[in-house]
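User: I am new to this structure. Please show it to me, then take my questions one at a time.

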Amino acid sequence: MKKYTDLNVPLRTIMTPGPVEVDPRVLRAMATPILGQFDPAFTNIMNETMEMLREVFQTENHWAFPVDGTSRAGIEAVLCSIIEPGDKVLVPIYGRFGYLLTEICQRYGAEVTTMEVPWGEVFDPEVVINKIHEVNPKIVAIVHAETSTSCMQPLKEIGEACRNADVLLVVDAVASLGGVDIKVDELKLDAVIGGTQKCLSVPSGLAPITFNTRIEEVINKRKSIELGLRTSQSELSNNRIVSNYFDLAQLQDYWSPTRLNHHTEATSMQYALREGLRIILEEGLENRFARHKLNEQALVAGIKAMGLELFGDENNKLPVVTAIQIPEGINGDEIRSMMLEDFEVEIASSFGPLHGKIWRIGTMGYSSRKKNILHVLSALEATLIRKGFNVNKGESLQAALNVYDEYKTLVHS
C-alpha cells in the first residue's frame with residue numbers, strides 16, 4: 001500500500017495575477033475552531049463581514065456578502081439572478097474575461113451584443129455609451145480590471161450613462177477590489193463582483209458581491225423558495241431564477257435575519273474573509289491603494305531599466321498587474337520555469353492571442369511588498385542573462401530602489 005507523507009509544499013514568491021500570497025494572519029484565522037452556521041457567534045461574524053465589505057466596496061448598499069465558490073460563482077450568481085431568456089445584454093470585450101461574461105450571459109438565455117477593441121486597449125467611454133443607445137440593453141456587463149492584458153477600463157461616464165438610460169451595470173472587479181480605488185456608489189455601479197484570491201489576499205473560494213436596490217427589485221420579482229424549505233406563506237414565482245445554488249433571492253434570506261437554510265456555509269473561509277477585510281481596513285483604503293501604486297512604479301521602473309518593454313495602453317494600465325513583452329527569440333515558458341525552479345518565483349503567461357507573447361506580473365495584496373518586487377526583478381534579470389538575452393545588467397534593481405528612495409524622501413520632507 002502506498003504511504004502518503006505529511007503535506008509539505010514549497011515556499012514560493014507568488015507574483016501572478018492570482019492566486020497571490022495569503023497574509024499569515026489570514027492563515028491563522030482559518031485554524032479557528034468550527035462553529036455551527038446559525039450559532040449566534042457565527043452569525044455575528046457574518047454580520048461583521050457584511051459591514052466590512054460595504055466599507056471595502058465603498059458603498060451604502062444593504063447587500064454586500066460573499067457567494068460560496070470562486071470569483072466566477074459571484075459573476076454567475078449576479079447574472080443568472082437578473083437575466084431572463086431574451087433579455088438584451090451588452091458586453092464590451094477588451095480581453096479574456098469579457099468573453100467569459102459573454103458566455104455566462106448566453107448560457108442563461110440572454111440576447112448578447114458584443115463590441116471589441118484589440119487586446120491591450122480599453123474602450124473610449126463615448127463609444128460604449130453610443131452602443132448602449134443603439135442596443136437599448138437591459139444590462140451592460142463589463143470587466144473593470146482585465147488581468148489578461150493588464151488594462152483597466154474607465155467606468156465613470158459609462159456608469160452615469162447607464163443610470164440615465166435605466167440600464168443595469170454589472171461590473172467584474174475581481175482583480176481590482178482591495179487594490180485599486182473603485183467607489184461603487186460614486187461610479188453608479190449597480191452590481192459589483194470581487195475575488196478573494198487577488199488583492200484581498202485570502203484563499204480562493206469566496207466571491208464578495210454587492211448590489212443596490214435596482215438589482216434587488218429585479219431579483220425579488222423572481223423569488224421562489226426551494227420546495228423543502230417552503231412555508232405556506234412563501235410566494236412562488238413563474239419566472240424563478242434558473243440556478244438554485246446561485247439564487248440571490250434565496251441568498252439574501254440566508255444573509256438576513258431570516259437565516260434561510262439554503263446551504264452550509266464555508267466556515268473557515270468566512271473566518272479568512274473576515275480577517276482579510278479587517279486587515280485591509282486596519283491599513284486604510286487610501287494607504288493600501290498607495291502601497292499598490294508605489295510597488296507598481298518600482299516594478300515598472302525596474303522592467304524598463306532592464307531593457308524590456310511593457311505591453312498595452314500605459315495610460316489605462318491596471319496598477320496591480322504589469323504585462324511585459326517577451327523579447328524576440330526568448331521562450332517565455334522557459335524563463336518562467338527557470339524562475340520557479342531556481343528562484344522559487346512564479347510569474348504568469350497570458351491567454352489566447354497573447355499566450356507566449358507577454359509575461360504578467362501581479363503585485364496584489366500581501367504579494368505587493370518591496371521584498372517581492374526586488375526578488376522578482378533579480379530573478380527575471382538573472383534568468384534572461386542565463387538564456388542569452390542582453391539586459392542592462394544591474395540597472396533594474398537600482399531603478400526600483402530609486403523609486404523607493406524617492407518615496408521615502410517625499411514622505412519625510
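Analyst: The C-alpha centres of domain 1 and domain 2 lie 30 Å apart. The model is predicted. Domain 1 covers 23-281 and domain 2 covers 285-412, by the domain assignment.

User: How many residues does each domain bring to the contact?

Analyst: Both domains take part in the contact. Domain 1 brings 29 residues, and domain 2 brings 26 residues.

User: What share of the area buried between the domains comes from carbon and sulfur atoms?

Analyst: Domain 1 and domain 2 bury about 2,200 Å² between them. In domain 1, Trp-119, Thr-147 and Ser-150 lose the most area to domain 2, together 23% of what that side buries. For the area buried between the two domains, the carbon and sulfur share is 65%.

User: How many residue pairs are in polar contact across the interface, and how many salt bridges are there?

Analyst: The rule for polar contacts finds 8 residue pairs across the interface, both residues at pLDDT 80 or more. The salt bridge count between domain 1 and domain 2 is 0.

User: Is Thr-59 buried or exposed?

Analyst: Thr-59 sits in the loop between H2 and strand S2 (63-68). Its relative accessibility is 6%. Buried means under 20%, so Thr-59 counts as buried.

User: Which side chain makes a polar contact of 2.6 Å with the side chain of Thr-59?

Analyst: Leaving aside neighbours within four places in sequence, Thr-59 is in contact with Arg-54, Val-184, Asp-185 and Thr-210. The 2.6 Å polar contact joins the side chain of Thr-59 to that of Asp-185.

Key
Residues numbered from 1 in each chain as written. Predicted model: local features only at pLDDT ≥ 70, side-chain atom pairs only at ≥ 80, totals over all residues. Heavy atoms only, no water. Domains from an automatic or database assignment. Contact = heavy atoms within 4.5 Å. Buried area = accessible area lost by both parts, 1.4 Å probe. Salt bridge = Lys/Arg side-chain N within 4 Å of Asp/Glu carboxyl O. Polar contact = N/O pair within 3.5 Å; in protein donor to acceptor, adjacent residues only side chain to side chain. Helix = DSSP H or I, 4+ residues; strand = E, 2+ residues; numbered from the N terminus. Buried < 20%, exposed > 50% of the residue type's maximum accessible area, 1.4 Å probe, protein only.
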